Amino acid sequence: MRTIKALWMRFRGTFATDRAESEMYAELESHLEMHIEDGMRAGLTEQEARRQALIKLGGMEQARTAYREQRGLPFVEQLVSDVKYALRTLRKTPGFTATAVLTLALGIGANAAIFTLVNAVLLRNLPVSDPRMLVRIGDQIQCCVQEGAHDDGNYSMFSTHTYQELKKSNPEFEELAAMQAGFAPRPVIARRDGGQETAKSVIAEFVSGNYFRTFGLRPEAGRLITDSDDVTGAPMVAVVSYETWKNDYNGDPSIVGSTFWVNTKAVTVVGIAPSGFFGDRLTNTPPNFYLPIEAMPVLANADYVHDPDSEWLYIVGRIKPGIAWGPLQEKIGVQLKQLFASSRLFSSAHDHPLLAKTHVVLTPAGGGIQYLRDWYGDRLKLLMWISGLVLLIACANIANLLLVRGMGRKSEMAVRTALGAARGRIVRQLMTESVLLSVISGMIALVVSYAGARMLLMMAFPGDQRVPISSGPSLEVLGFALCISTVTGVLFGVAPALTAAQAEPADALRSGKRTTTGGASLLQRGLVIVQAALSLVLLVGAGLFAQNLSKLEHMDMKLDTTNRYIVHFNPQAAGYATTQVGALYQMIEDRFLTMPGMQKVGISTYTPMEGNNNGWGVQIQGQPDLHKHASFIKANAEYFDSVGTRVVMGRGIGLKDTSTAPAVGVVNQSFVNTFFKPGENPLGHRFGIPGPASSGDYEIVGVVEDTSYTDVKWKNHAMYFVPLMQRPASAKRPIEKDSMLYAGAIVLQTSHAMPDMEAIARRMLMGINPNLSVVRFQTFSAQIADRFSTDRMLSRLMTLFGALALLLAAVGLYGVTSYTVARRTGEIGIRMALGAERATVVTMVLRNAMMQTLLGLAIGVPVAYGCVKFVKSQLFEINSVTPGALTIAVGTLLTAALVAGLIPARRAASIEPMQALRTE
Amino acid sequence: MSEKSEVWQGTLALMVLRTLETMGPLHGYGIARRIEQISGDALALNYGTLYPALLKLVQEGAISSEWGTSENNRKAKFYKLTRAGKKQLEGQRRDWEQATEIVARFLSPVGEG
C-alpha cells in the first residue's frame, strides 16, 4: 500500500510543476544560508563558509539532480523527454516526417484494409453459439435445383427426402438442419397487412424447423421457427431478420404477431432473429425472412420440395462432442448410396456406374456455408500478396529514409557523444523517434484502412449496402496494423542508430563534409533497386488486369444495349397461376406497346448476362445421347429483337407459335456445332430431353448467332430457345404444376433514352396488378457491366497498388539521389570551379539514378514474367506478359525515375562553386 | 581529521525519523546537524543525500512538510513525523534491535551456554 502510494506520488512528481521546482530551489538555498551563517559564527569568512557548505552538500547541481531523481520516476521522465525531443526533431524536418508517415500509413493501411476483408470473408465464424461444432455435409457451392447423377459422385445438395432420411439415421449429430441452397435468385413478394406499404420483392430463405436450434440462437423478440411449424398444413409462420426489422420496419415491436402477405398468402411473423445473425452464409443478399420448408409448396408453388429426386437443400449439423469425422463421412456416403440405389435417376446404363462413386465430404461450417469464400477467396489472397508487396516497398523506403537521416546526423551524434552522452542513451533516443514515427503512422493507417475497406466493399458489391461486413477495423486488424508498424519502426530505426552511436566522435568530427565516395551506401542503393523491381512487377500486373478488363468489356457479345431496359418480375410470387400467365404476358406486351417510343417488348425466362442459367441434357431425335447439355430459355416473339440477337438461318420465334401450335425450338450456332456434324442442316430435326419419349419434343425452325449469356468467358455455350407458352408434348406434369411457364424478365426497347423508365415500368405493372412488383430494374448495359464488377475491382485495385508502388519507389530514388547530392556538394563545387559544365553535373547525377532504375528493371522484368502464373487464373486468355503492358510499365517507371532524379540533379547543377567550398 | 564512518544504506531514514521523534518539527539543516551531533561527529553525512531521503519519506507518508520560520527568522521547510511515521519508526526500531542483538550474540566471547 505504502509503496503503491509512493509510486503514485513519484509518478505525479514526474510531471513536476514549476512550483515544485522553485520550492526545491528555495529549500536548498535556505539550507545553504543556514550553513553559511553557522560557519561565519564559527569565525570563517563568508567566502570560506560558503565553500565548505557547498562541499558538504556535495555540489548544488548534484544535490538538485539527486532530489529530482527521487521526486519523479527517472525512466518515465527520460521517456517523456525523449518523446518531447523526438517530436521536436520530427517537426523540424517536416518533409522527412510527412514522407515517412505517409509511406508507412499507406502501406500499412492498404494491408489492414485487405486484412479486414480477409478476416470477414475467410476467417470469421458465424455469430452463433459454439461454431466449431457445426459441420456441413458437402463441400461445393451449387444452385439452385438439380437432379441426377454427378460424374464425380460428390454430393453437396440434397432432396427433402434424403435430408429426412439422413436426419433419422445419424445420431452423431445433436441437430441436423437443412436450408434452401439457392434463395438469392428466388425472391418472394411481401407486404405487411393493413399498412400503406406496397408489395416489395424481398429475400426469403426456406429452412427446416430445427434450423435456429441447430445454430443455438435465441430470438430478439417473439419466438423462432420450431419443428411444429415445419409440417404440411401447419399455420404459416415467418421469422424476420434483425436488420430488416430495424431498417425496414423501424424496430416496430408490433411486427411480432402481425400478418404479412407473402406471395399473396397470409403468413404470421412470430419472431425476430437475433441481432448480428445474417443467415447461414455471408452473401450480399442476406435473407429478410426465414420460412419453414413445408410452407414452400404453398407459397412458391415449388413441387420439387416433395420430389425425392430434386436436390435443393444444403445440410448443416451440430456434431456431438468426441465424434470422429472420418468414419461419419464414410457412413453418410454409404447411406446416400443406399438411398440412390432405389432412385430412377441411376437406372440408365450411363448413370448406373456412377452410383459406386457416391460419397460426401464433411466440411467445417462454423464460418457458414462458404459462399463468398468460394467467389473471393483466391482474389483476396492475390490482393493480400499485392498489398504485402506494397508494404515491402514502403518498408524499404522507410529504411532508406532512416538510413539517410541517420548518416546525415552522424556529426550531431558525434558532438553529443563528445559532450558525454552515453551510447545507450543515444540509441534509446533514436529508437524512441522511430517508434514514435511508426505509432503516428499506425494511427493514420487505421483511418486509411477504414476508408480502404469501405472502398473495397463498394467495389466488390457495387450499389449494395446490405453486405454484412463492417469496414471498421476489428481488434485483430488493430493489432495487425500496430504490430507491423512497430516492427518496421524498430527494425529500421535500430540499424542507423547503432551505426551512429558507434562512430568515434573524433573521426566523425574530423571527416567533415567533403567527400567523393561517401555517397549512398550499397544497402541504400540495393533498397532502391529492389523498390524499382517490385514496382515494375506491380505495374505490369496493373497493365495486365487493365488489358483484361478492356478485353472483356469490349468483347463482341453480339448484343445490342442501346435504349434497352430489363425489368425482372415474378408473376408466380404475384399470385398468378400458370393457366393465367398467357393472358398476363399478352397484357404486358399490349400495355407497354401503347407507350409512345416503345419499339419492342420481349418477355423471357432469362436474359443475356444475368447470373442465372437453366441447363438441360439434350438429345437429337434418332441420334445417340451424347450426354451433353444446353441452356434453355423460353421467350416471346419480340425477344430476339429486343436484345439484339440476329437470326442466321430459318426463322426466329413468331407470333403464331402459341400454346396450341406445334412445339418448335430455335437453337444457337454452338448448339448446331455441338449436336450436329459439320455441314449438316439442323433445320427440321427434332430434339428434346434425352429419352425416347421426349427427344422429339421440339422441331428446329431456326438458328441464331451465339450471344453471351451468364459470362463472356463461357465460349461454345450451346443454347436453345422455345416459345414462351409452348409445352413439350412429353410433359407429364399438368399445366398447373409447370413452373417453366413463369417468365422472369421483360426487355424493353425504346426509340430514344428514357431516364424515367423505371418509374414508368413500376407504374405500368402495378396498374396491371398491385402485387406485380419489380424485382430488379436495370438498363441492359448496367446489367452487363455488373457482370464485370469483380474484374473491374481487380483492375482498379491493381492500378491503385501499382501507382502507390511507383510513387514510393520514386520517393525512395529521390531521397537517395538528393542525399548523395547533399553529401557531394563540396566535390561538385570543386569540379565546377575546375570548369565542369552544369550539363555534365546533371548527367553525372542522373546517370547514377538511372543506373539504379535500370538494374531494377533488369531484375523486375524476369520476375514479372515469372509471376504471371500466379494471376493467370484471374485473367481471360492472357497467358504471359503482353508487350503493351510491359512497354507501359517500363515507360512509366523510367519517367518517374527521370523526374525523381532530375530534381536533385538540377539542384546539384545550381551549386555555386564558391558557396559550396565555403560551406565547410 | 579523524576517520569518519559513512552512513549505512537504509539507516539514514531511521535516524531522520528518530530525530524528528525526539526534536519535534525540524528543518533539513537542523536534522542534518542533529544527526552529526548525536553521532559525536563520527558520521560523514553528505547533506546532498539528506534531501532526497526526506522527500522519499514524504512520498511514503512517514513525514509531512510545511514552510515555516527558523529560530534565526529565516524561511525554511519544516518536517514533522506523521502517525504512519511513528508506526514505521517503531517497526524499524524493533527490527534494528533484533538485528543488533543477533549480531552481538555472534560477536560475544565463546563459551556462554
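Predicted model: local features only at pLDDT ≥ 70, side-chain atom pairs only at ≥ 80, totals over all residues.
Glu37(A) and Arg41(A) both belong to helix 2 of chain A, which covers residues 18–41. Because they are four residues apart in that helix, about one helical turn separates them. The two residues form a salt bridge, and their closest N and O atoms are 3.6 Å apart.

Side chains of opposite charge can pair when their charged atoms come close.

## A partner in the other chain

Glu37(A) also forms a salt bridge with a residue of chain B, namely Arg74(B). In this pair the closest N and O atoms are 2.2 Å apart. How many salt bridges are found across the interface of chain B and chain A? There are four of them. A search of the whole structure, over all chains, gives 36 salt bridges.

## Where the two chains meet

Now look at the contact as a whole. Chain A contributes 25 residues to it and chain B contributes 24. Together the two chains bury about 2400 Å², with 57% of that area on carbon and sulfur atoms. On the chain B side, the residues that lose the most area to chain A are Tyr29(B), Tyr51(B) and Gln59(B), which together account for 30% of what that side buries.

Which residues make the contact? From helix 6 of chain A come Thr99(A), Thr103(A), Leu106(A), Ala110(A) and Ile114(A), while helix 23 of chain A supplies Phe801(A), Leu804(A), Leu808(A) and Val811(A). Sorted by class, seven of the contact residues are nonpolar, two are polar and none is charged.

## Helix 23 against helix 25

Helix 23 of chain A also packs with helix 25 of chain A (residues 838–871). The angle here is about 145 degrees, and the axes lie 10 Å apart. Is this crossing left-handed or right-handed? The crossing of helix 23 and helix 25 of chain A is right-handed.

In this contact, Leu813(A), Val816(A), Thr817(A) and Val821(A) of helix 23 meet Val845(A), Ala849(A), Gln852(A) and Thr853(A) of helix 25. Five of these residues are nonpolar, three are polar and none is charged.

Note on methods
Residues numbered from 1 in each chain as written. Chains lettered and ligands numbered in written order. Heavy atoms only, no water. Contact = heavy atoms within 4.5 Å. Helix = DSSP H or I, 4+ residues; strand = E, 2+ residues; numbered from the N terminus. Nonpolar A, V, L, I, M, F, W, Y, C, P; charged D, E, K, R; others polar. Buried area = accessible area lost by both parts, 1.4 Å probe. Salt bridge = Lys/Arg side-chain N within 4 Å of Asp/Glu carboxyl O. Axes fitted to C-alpha atoms, helices over the stretch in contact; angles between N-to-C directions. Left-handed = near helix turned anticlockwise from the far one by under 90°.
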